[in-house]
Structure formats: C-alpha cells, structure tokens
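Biologist: I would like to learn how to read a protein model feature by feature. Could we go through one together, with the general idea given before each case?

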Amino acid sequence: MPKRVAIIGAGASGLPCIKCCLDEDLEPVCFERNDDIGGLWNFQEKITDGRPSIYKSLVINTSKEMMCYSDFPIPEEYPNYMHNSKIMDYFRLYAANFDLMKYIRFQTSVCSVTKRVDFPSSGQWDVVTKDVEGNMETMTFDAVLVCTGHHTNPHLPLDSFPGIEKFKGQYMHSKDYKQPLIFEGKRVVVIGIGNSGGDLAVEIGQHAKQVFLSTRRGAWIINRVAARGYPVDMAYTCRVYNLVPPPLTAWVIERRINNRFDHANYGLQPTHRFQGQHPTINDYLPNCIITGSVLVKPNVSEFTESAAIFEDGTTEEVDFVIFATGYTFAFPFLDKTIIEVDENHVPLYKYVFPPRLEHPTLAIIGLIQPLGAIMPISELQARWATRAFKGLAKLPCVDDMMADIVKKREEMAKRAMEAGTDA
C-alpha cells in the first residue's frame with residue numbers, strides 16, 4: 001500500500017507537491033478550500049476572509065524563464081512577465097499535463113491536523129476537513145504537506161499611526177484593492193513602498209487627484225527590463241554576483257540603478273544597501289514621480305480628521321489611506337506544539353521541517369520570500385519532503401537542526417545590521 005499524503009492548498013506550491021508525490025509513488029489527496037486551483041494567482045472580484053486576494057492588473061515580477069517548474073517549461077509564445085490570468089493558464093496546462101486535477105478535493109477546508117495517538121511509532125496524522133455543505137470528515141494520513149502560502153492575513157499596523165481612529169476618510173489594506181476607479185478625483189496616501197505599494201501608487205495615480213507614496217526608509221527601484229532587453233532577474237541572477245564580495249556587488253548594482261535615475265533626487269534613497277531589503281520592481285514609478293502624479297513622502301507621523309502629517313512636518317489633505325504593509329501568517333489548523341509563529345518567524349529546518357517531531361512526516365512548502373520566483377523553490381522543497389516521507393532522505397538529529405535554525409537567524413540579523421535595516 002502506498003503512503004497517503006495530505007496536501008493543503010492547490011496553488012503554486014500545492015500543485016508541484018501533488019506531482020512529486022506521484023513521482024515517489026505516494027498517494028496524494030489535496031484539499032483546496034476554493035473551487036479552482038491557483039491560490040494567490042486565482043483572481044476573484046469578491047474579497048473573502050481566509051483566502052488571498054490580488055488586483056486585476058497584477059503582473060508577476062519574475063520572468064517566465066526563472067519561474068517555471070523544471071519539467072514543464074512555460075510556452076514560448078507567453079510573455080516574459082505574465083499577467084495573473086496567464087499564470088493561471090500555465091497552472092492549468094501543468095495540472096492537465098500531469099493529470100493532477102483528479103487528486104484535488106475542491107471547496108474543502110482543513111479544520112485540524114493532529115498527531116495520531118500512536119504518532120511516536122507510526123508518524124501518522126488525523127486530518128479533519130469540512131466541505132462546502134458543512135459535512136465533516138476525519139481521515140488518516142502518513143504525511144502532510146502544508147502549502148497555504150503567506151499572503152492571506154493582512155498586516156494592518158494601525159497602532160503605529162496615531163489619530164487614525166479619528167480620520168474621517170476611508171482606509172484599507174492593499175489586499176482589499178481591486179481596481180482604481182473608486183479613487184477618481186481623490187487624494188490618496190499609499191503607505192509602503194514594496195511591490196504592491198509601488199503598483200498601486202502608479203495605477204491609482206492615473207485616476208486620483210493626487211497620490212502620496214509614504215516610505216519609512218526608501219527603496220531601490222529596478223526595472224523588469226534590464227540591459228539589452230533581458231529580464232532583470234536573468235541579468236542579476238548569475239554566478240558572478242556570488243563570486244564578488246557583497247559590498248562590491250551592492251556598489252555595482254546601486255551605481256547601475258542610480259545611472260538610470262538618481263534615487264536621492266526622487267526622494268527614494270534607501271537607508272539600506274541593495275541586498276538589505278527586497279528591491280521594488282516597477283517600470284513606471286519614476287515616470288509618475290517626475291510627472292507629478294505620485295509624490296514621495298516620508299513616514300506618516302499622525303492623522304487628523306482629514307489629513308496626514310508626515311515626519312518632515314508637512315501636512316496633506318487626504319481622502320483615502322491604503323496600507324501596503326504586508327502580511328502575517330498562521331497555521332490555525334495546527335497545534336502550537338507542532339509549529340509556533342513568533343513575530344512572523346517560524347523555526348523550520350531549512351525552512352521546511354519542524355525540527356522536534358518524532359518523525360519527519362509534516363513539511364511546510366513555500367513559506368519563504370525569495371529574491372525571485374517561489375515556483376522552482378517549492379518544487380525542490382516538495383522533492384526533498386516526499387523523499388523524506390519515503391525514508392530516502394534522512395534529516396539530522398534535533399540538536400543539529402536547531403543549531404542550523406539558530407545559525408541562520410543570527411546570519412540574517414547580522415546581514416540586516418550591516419545593511420542598515422531590520423531582520
């Protein structure tokens with residue numbers, strides 16, 4: 001009898017998990033709470049609690065050459081940087097090519113994943129699910145792959161913005177944004193200069209009376225299109241940058257970026273080096289700044305009933321506030337003794353395995369924010385996890401895994417300190 005593996009989520013990480021289970025002669029059963037595959041990339045007009053959400057115009061920031069699964073290239077005729085609808089088309093082609101759909105139970109939520117009473121000897125799990133009609137079912141699995149992503153629970157740091165409770169305009173998280181027409185003729189402040197904040201500032205700036213883009217510490221802005229028309233991730237993801245000392249690499253890249261537009265002149269000069277934070281990929285933001293539809297401002301220190309007061313002492317009347325302030329993640333179906341989230345950090349060996357389980361039969365796939373695409377990383381993680389489930393790959397002892405986790409945390413903190421930013 002093949003081992004049964006529960007897979008939670010049928011998105012960018014869940015789909016290769018099904019495929020890798022089949023490659024290792026495991027029996028996958030994938031639970032997807034929605035009625036279709038795609039996870040984050042499955043655009044829906046309606047915003048639903050407990051599921052990720054994207055805006056209609058969203059285009060991925062990694063090229064097709066760098067984001068495809070290893071055994072199924074993206075069709076040649078697809079653009080280098082794909083709209084979310086094209087990504088869904090690719091997922092459907094991938095699922096159809098490997099006949100993955102028959103292993104997915106749609107509109108089925110996972111309520112709990114708990115160790116069986118005999119877990120110390122069996123390593124098995126009890127998985128409780130609920131379908132769209134409310135029917136509950138308990139099943140036993142030999143292993144579990146968690147592929148729920150980390151773009152579901154919006155981080156809305158209202159406590160950091162005094163006066164927001166008396167602001168009479170409207171505020172929202174970027175997760176709730178769908179299209180720009182509701183901002184026609186309005187004055188809008190976007191808080192946060194990550195990829196979502198940059199995208200929304202540019203798009204809303206074509207309709208709003210004025211957009212203010214508020215940033216605490218600036219950002220390095222790079223184009224999707226690099227020298228000679230190559231995708232930027234192909235240009236910068238190469239061996240030479242791994243051979244050069246990081247400070248020199250940062251100097252070279254920063255010089256190239258500032259040759260296109262001087263970040264200091266645009267009010268975007270970061271307090272960190274290039275490797276200190278994820279760069280913001282946006283081809284249009286400099287044009288919007290130089291033409292005035294987007295004004296860069298420092299952090300908001302306070303809100304009044306109708307205005308935002310910035311840390312440089314300036315005040316701007318605003319109608320809308322959009323918090324592009326990222327996400328938190330959680331595993332509500334797992335007991336805290338299995339996985340505990342501490343300030344958005346999870347102690348996982350190589351970002352995949354909880355280190356203190358008696359058996360390595362549960363793995364978290366795709367819980368990583370790479371400088372690049374998640375798809376190939378999730379595929380590699382799934383290959384490793386399924387081989388571990390079969391006993392073909394062995395994990396170190398608990399002490400060695402914990403030491404590795406601590407070492408990585410310390411290295412990240414050190415790099416962040418050297419770059420002049422937070423870990």
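Modeller: Let us begin with the second largest pocket of this predicted model, where β12 (221-222), α6 (232-236) and α8 (246-260) each supply at least two residues of the lining. About 340 Å³ of space lies in this second largest pocket, and of the 15 residues that line it, the closest to its centre are V225, A226, A227, V232 and Y236.

Biologist: Into which classes do the residues of that lining divide?

Modeller: The lining of the second largest pocket divides into 11 nonpolar, 1 polar and 3 charged residues.

Biologist: What span should the 15 residues of α8 have, and how far apart are its end C-alpha atoms?

Modeller: At 1.5 Å a residue, α8 should span 21 Å, and its end C-alpha atoms are 22 Å apart, which agrees.

Biologist: Which residues of α3 are buried, and where do they fall when seen down the helix axis?

Modeller: The buried residues of α3 are N84, I87, M88, Y90, F91, Y94 and A95. Viewed down the axis of α3, they fall within an arc of 160 degrees, so they too line one face of their helix. What covers them includes α1 (14-23), α2 (64-67) and α10 (375-390).

Biologist: How many of the residues of helix α5 are buried?

Modeller: Helix α5 (residues 195-205) is mostly covered, with 9 of its 11 residues buried. Among the elements that these buried residues pack against are β10 (187-191), β11 (210-214) and α9 (285-291).

Biologist: How does one look for empty space inside a model?

Modeller: Rolling a probe the size of a water molecule over the atoms shows where empty space is left. A search of the whole structure finds 1 cavity of 30 Å³ or more, and about 40 Å³ of space lies in the largest cavity. The residues that line the largest cavity include N42, F43, Q44 and K178, and by class its lining has 4 nonpolar, 4 polar and 3 charged residues.

Biologist: Finally, which backbone angles should I look at with care?

Modeller: One angle to look at is phi. In R228, a residue other than glycine, phi has a positive value, near 60 degrees. R228 is found in the loop between β12 and α6, and with a relative accessible area of 76% it is exposed, because exposed means over 50%.

Biologist: Where does Y351 lie, and what is its phi?

Modeller: Y351 lies in the loop between β19 (327-328) and β20 (362-364), and its phi is also positive, near 65 degrees. At 31% relative accessibility, Y351 counts as partly exposed. A positive phi, near 55 degrees, is found as well in D99, which follows α3.

Conventions:
Residues are numbered from 1 along each chain as its sequence is written. This is a predicted model: local features need pLDDT of at least 70, side-chain atom pairs count only at pLDDT 80 or more; totals for chains, interfaces and linings use all residues. Side-chain values use heavy atoms; hydrogens and water are left out. Buried means under 20% relative accessible area, exposed over 50%, partly exposed in between (1.4 Å probe, protein chains only). Helices (H or I, at least four residues) and strands (E, at least two) are DSSP runs, numbered from the N terminus. The arc is that of the directions from the helix axis to the C-beta atoms. Contact means heavy atoms within 4.5 Å. On a 1 Å grid over the protein atoms alone, a cavity is a set of points where a 1.4 Å probe fits but cannot get out, and a pocket is an open set with protein on both sides within 12 Å along at least five of seven lines; lining residues have an atom within 4 Å of a point. Grid points are joined across faces, edges and corners, and a volume is the space filled by probe spheres set on the points. Ala, Val, Leu, Ile, Met, Phe, Trp, Tyr, Cys and Pro count as nonpolar, Asp, Glu, Lys and Arg as charged, and the others, Gly among them, as polar. The expected span of a helix is 1.5 Å times one less than its number of residues.
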